[in-house]
Amino acid sequence: MENFQERRNKTRIMRKVALSDEILRKVEKPARYVGGEVNIVMKDPDQVDIHFAFSFPDVYEVGMSHLGMQVLYHEFNRREDVYCERVFAPWTDMEEQMRQNHIPLFSLESYAPLSDFDFVGFTLQYEMSFTNILNMLNLGGIPLESKERDEHFPIICAGGPTAYNPEPLAPFIDFFYFGEGEAVFHQIFDAYGLHKRGGKSKQEFLESIAGIPGIYIPSFYDVQYHDEPAAGCQHTGTIASITAVNAKAPAKIQKVLVSSMDEAEYPTKPLVPYLQTVHDRGVVEIFRGCIRGCRFCQAGMVYRPVRMRSKEKILELADAILANTGYDELSLTSLSSNDYPDLYALVEELHRRHPHVNVSLPSLRVDAFSLSLMEELAQGKKSGLTFAPEAGTQRLRNVINKGLEEEEILNGVALAFSGGWDKVKLYFMLGLPTETEADVEGISSLASRVLNAYFGTPKDVRSRDVRITVSTSFFVPKAFTPFQWCRQSSYEEYMDKQQFLQGKIKNRKIQYNCHDAFLSTLEGLMARGDRRTSALIRRAFEKGCRFDSWSDMFLEDSWREAIEECGIELEYYNQRERAKDEILPWDHIDIGVTKEFLYRQYEEAQEERVTPHCRQSCSGCGVMRLAETGVCYEEKGAM
Amino acid sequence: MKYRIQFSKSGRLKFIGHLDLLRTFQRVLKRAQIPLAYSQGFNPHPLLSFAHPLALGSTGLREYMEMQLEKEMEEKEILARLNANFPEHLHASLCERIPEGTPAAMAQVCAARYTIGLPQVGIDWASRLAELLSQDAILVEKLGKKHGRKQMVSLDIKPLIESCAISQDGTMELLCVCGSEQNLKPDLLVHRLMKEAGRPELAYTETIEREELYRKEEGRLLPLLPFAR
């Protein structure tokens, strides 16, 4: 068999998949599969050494809305020796055509089959995309597990927020990267280039990158389990040890972060899709991370510390992006818009420079300031207002550290109603730790008080009718949050809570929407799963599960069968509180925030105590040891 | 100031649908800094329209678009800026400022000419076509509305065909009714012909190109551009 180097040197004539017009004319939205968008990067594949397939495990319109893909696509392609191409999950009609006609999964730039790439990199944005990853590998003719892949196959890697608990995917992925990919990958490409010329094996290559910060090679670690089942479980024992078994592998893998948002590369020529995507607009990330520290929120922990992009830099990026794309909408993204110190001045200046461009701000807290801002942004149009109290009572909001007082919400809506707004959406979670019946009932009473605020608004200023929507999702404990030790509600408990709340909401001006309870159960299983859960993902894929986050595609029965057949105990993974000293599946990963801090937060939650946010005072989460940057090094008490 | 543009849409852009093309044009105009005008009112929309939507999967050799600009621009300048900002497979070939009072392209268009490539699989398409055209009516099934509900309806497409012939090299030339009132989608005819030949599975192996769109002036068919003859 030819070795790694031979393969790499010989096969650089990338093949091209022949995709006939006939097939494209038979599928829905063929533009998903043809590429050719404005700002696409075209290179001669034969003139490039390293071929990277950036793979998004969902359909084109979802993947193309993802900022991280745009960042890495342009960052990787700045290198002359790298060609980064895009691959998305084909929709089921296309998959059928591909399987019938023996067409392998291919990239949109050069139509190269997935198996011709040096690297296939998946971005993990949500747990319920895992079966799509296996399906994409399979459609690319690539064996699913690392140990089944010899030197002929690409190196499969993965990153993104959901990668922070990589264990359920451990057997399928050759290496993971933790943190902000733009910082790590150049080292990997350099190492790969050296190895390619040096004629080394895949194993040797992996060993050579094992020491790069943020890199995790699951096959270099061994996990042992206790034979004795955990309390309340039939046969699943807790983790006894996680050990590095390769001399090159560090005991702990530390996440990597971008230290300066102003110096970090940012794509000013983003791809402009032809198809209408989920977020079809220009995007500037105004800061990374969140000062708030909500205890259920994984993003709030893993993206620490908060790092700002300067107003000048944002304006410069916005000018360039709008000129290069022709977008008429620009979104300023962050986890919490109001926490940008100079938001008003920023928006005002954007408005002055681009009067016809609609500026949108996600996660905006509603108060007098933001209402006038919104009114200006929307140029008189009044879309719906969204509040995320997350919990129905102040007690429970204190437990989750959601710094939103009921008074703020009621003042906000009262202002909004007198300004003529007439649609209010309220988002809550059911099944939060310590939740009681009173907390669930609190959701309906809060909604009623919002409705009363409308009736309390003088008739001559309020709109003629009002619509209040209450949406609940189910709380799913995530790794690297203070609630990682929590018991998750069972499916039955979820359903009971939902029915109880449904019964409490009687006013027909209040509409109630809820999330699928079984999907949340599965999400919880993946979010805190270990290597033993990987068999379940494989089994579900084999049973035909894919696009699980699309409700019309979700095969609940197949998943239930797969759980049964793989002997997965939900009592172990979901419905069990973990002990303080238990080894968690992700304990060998260091995100900066320490386990001690998270546990302290868990205790504070049980005592219903609120923790001040990062600008008020430092709570010692531990992230400041990673880099001298961001909010940790700002003066306190500024906001 | 209203301008009419003649452009071609080729290659893989045949898989970009009508609404996506509309959005693409809006973005091209922005990038090209061509000052597109917007309608007045509560929900301003860009004053930009196409003569007739091109079916997904077909290419167009001479397609037409009309737009209203906020201020006057040289026609040559418009063409140059469009072509500098178009993605691959879009190309503008003519631009004319149109006289006040001219009906919109959308209202003027009444016929279209198509070139259709049929699969060469040993079928004598010419005689099959002759047989089909000799029938009193050519009934096809299409998804349409009946009593306000979407369902398959039967339609006689014979009156919509002005002329149809197969040339020496096997391509089909079709001149047919085109417009917002009455319109023939050529694949209906082609798929009917394949069915007639006993090969319905060949559907979608044909290639369709719209060559030209016509308006009627004093009983004569004239292309939507140029105006001045």
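## A three-stranded sheet

Let's start with the open sheet of chain A, where 3 strands run in the order β10-β13-β14 with parallel pairing. Strands here are DSSP runs of E with at least two residues, helices are runs of H or I with at least four residues, and both are numbered from the N terminus. Two strands count as paired if DSSP finds at least two bridges between them. At the edges, each pairing on one side only, are β10 (282-285) and β14 (358-360) of chain A. Ignoring direction, neighbouring strands of this sheet are turned by 20° against each other on average.

β10(A) and β13 (residues 329-333) of chain A share 4 bridges in the parallel sense; A:Val283 has A:Ser331 in β13(A) as its bridge partner. Helix α10 (residues 311-325) of chain A packs on the sheet and touches β10 and β13 of chain A, where contact means C-beta atoms, placed from the backbone, within 7 Å. The direction of α10 makes about 165° with that of β10(A); angles run from 0 to 180 degrees between N-to-C directions, and axes are lines fitted to C-alpha atoms, for helices over the stretch in contact.

## A pair of helices

Further along, α14 (residues 406-418) and α15 (residues 437-455) of chain A pack at about 35°, their axes 9 Å apart. The contact between α14(A) and α15(A) involves 8 nonpolar, no polar and 2 charged residues, with Ala, Val, Leu, Ile, Met, Phe, Trp, Tyr, Cys and Pro counted as nonpolar, Asp, Glu, Lys and Arg as charged, and the others, Gly among them, as polar. Among them are A:Phe417 in α14(A) and A:Tyr454 in α15(A).

## About the model

This is a predicted model: local features need pLDDT of at least 70, side-chain atom pairs count only at pLDDT 80 or more, and totals for chains, interfaces and linings use all residues. Residues are numbered from 1 along each chain as its sequence is written, while chains are lettered from A and ligands numbered from 1 in the order in which they are written.

How values were computed. Two residues are in contact if their C-beta atoms, placed from the backbone, lie within 7 Å.
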